[in-house]
Amino acid sequence: MKLLFKLFFFLFLLFLSSLSHAENHNVKYKIITSGITIGGLSWDLSFTDDSYQLKIELNSGGLASYLYNFNGFYLVSGKIINNDFVPSNYSQKWKTKNKKSNVEIVFKNKKFLSLKQTPPEKEYARINLLELTGYTDPLTSFLKLLRNKTESKTIDGRRVYQVSLNENSKDDIKKTYIIKNYKNIWADHKRNGLEKITIFSLENSLVPEKIYIVFKSRLYKIVKI
């Protein structure tokens, strides 16, 4: 009986120890453009010493939602290896009044493994996706930048690109990243609406205070509530 109690106590301490290394961050943001709030964003991050999951939800809001209604859901899970985020599964769902789309990407051993889209893409891929090494999904790329990586190669289902720290961005709290080596997977053109991303975050924090995104020459501000 005494041995059984010691075993139970040891397992209980082990359980508490595992909990102490788990972190959860659920933060809300508002999305602003041209001085108008157009929606909200939820940042739900959970991780332990060796795994992570990040879920982001976007929803239109305010008067602008009557003109453009949208809903987005993004989810990634993966491993933390040598203090680096390594994705396993990524999915995204996007819905507007006239459009629905789903994307699922699987990674294995730091390499792209498979891509599934709904509705299915009718065009043929302009690049060999199976040759992609070191690419991650958009959410994991963002976490890498928050962990002070200077660049991250990204695939989001429609395009591949590299997010790189601007050489003139020296501020520890505010860092600006530009888009390089952009390639459209399903078309021959190289038009890219995403121009730059500025992240405001406290030191060593995996929760941004603000995010500024310049897309098609319009500034979108994502501000913590």
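Predicted model: local features only at pLDDT ≥ 70, side-chain atom pairs only at ≥ 80, totals over all residues.

Residues are numbered from 1 along each chain as its sequence is written, and side-chain values use heavy atoms, with hydrogens and water left out.

**Stop 1: the largest pocket**

Select Leu-58, Tyr-74, Trp-94, Arg-159 and Phe-215; of the 50 residues lining the largest pocket, these lie nearest its centre. A pocket here comes from a 1 Å grid over the protein atoms alone: it is an open set of points where a 1.4 Å probe fits, with protein on both sides within 12 Å along at least five of seven lines, and lining residues have an atom within 4 Å of a point. The volume is about 2000 Å³, taken as the space filled by probe spheres set on the points, with grid points joined across faces, edges and corners.

**Stop 2: helix H2**

Which element gives the most to that lining? Helix H2, residues 138-146, with five residues. (Helices are DSSP runs of H or I with at least four residues, strands are runs of E with at least two, and both are numbered from the N terminus.) Eight of the nine residues of H2 are buried, so the helix is largely enclosed by the rest of the structure; among them are Leu-139, Phe-142 and Leu-145. Buried means under 20% relative accessible area, exposed means over 50%, and partly exposed is in between, using a 1.4 Å probe and protein chains only.

Zoom in on the start of H2, where a side-chain oxygen of Asp-137 comes within 2.9 Å of the backbone nitrogen of Leu-139. Then slide past the other end: just after H2, Asn-148 has a positive phi of about 70°.

**Stop 3: the second largest pocket**

Next comes a pocket with a volume of about 210 Å³. Pick Asp-84, Gly-134, Tyr-135, Thr-136 and Lys-144, the closest to its centre of the 15 residues that line it. Strands E5 (84-96), E8 (135-136) and E9 (151-155) each give two or more residues to this lining, and E5 supplies the largest share, four residues. By class, the lining of the second largest pocket has five nonpolar, three polar and seven charged residues.

**Stop 4: strand E1 and its partners**

Show strands E1 (residues 23-33) and E2 (residues 36-47), which pair antiparallel over 11 bridges; strands pair if DSSP finds at least two bridges between them.

The E1-E2 hairpin has two residues between its strands. Click Ser-34 in that loop: its phi is positive, about 55°, although it is not a glycine. Ser-34 is exposed, with a relative accessible area of 60%.

**Stop 5**

Most residues other than glycine have a negative phi, and most peptide bonds are trans. Lys-110, in the loop between strand E6 (100-108) and E7, has a positive phi of about 65° without being a glycine, and counts as partly exposed at 44%. Continue to the loop between strand E7 (111-118) and E8 for Pro-119, joined to Thr-118 by a cis peptide bond with omega about 0°.

**Stop 6**

Select Ser-60 in strand E3 (residues 51-60), buried at 17%. Where does its side chain make a polar contact? With the side chain of Asn-69, at 3.3 Å. A polar contact is a pair of N or O atoms within 3.5 Å; within protein, one must be able to donate a hydrogen and the other to accept it, and residues adjacent in sequence count only if both atoms are side-chain atoms.

Finish on Thr-176 in strand E11 (residues 174-184), buried at 14%. The side chain of Thr-176 makes a polar contact with that of Thr-198, at 3.0 Å.

Key: Nonpolar A, V, L, I, M, F, W, Y, C, P; charged D, E, K, R; others polar.
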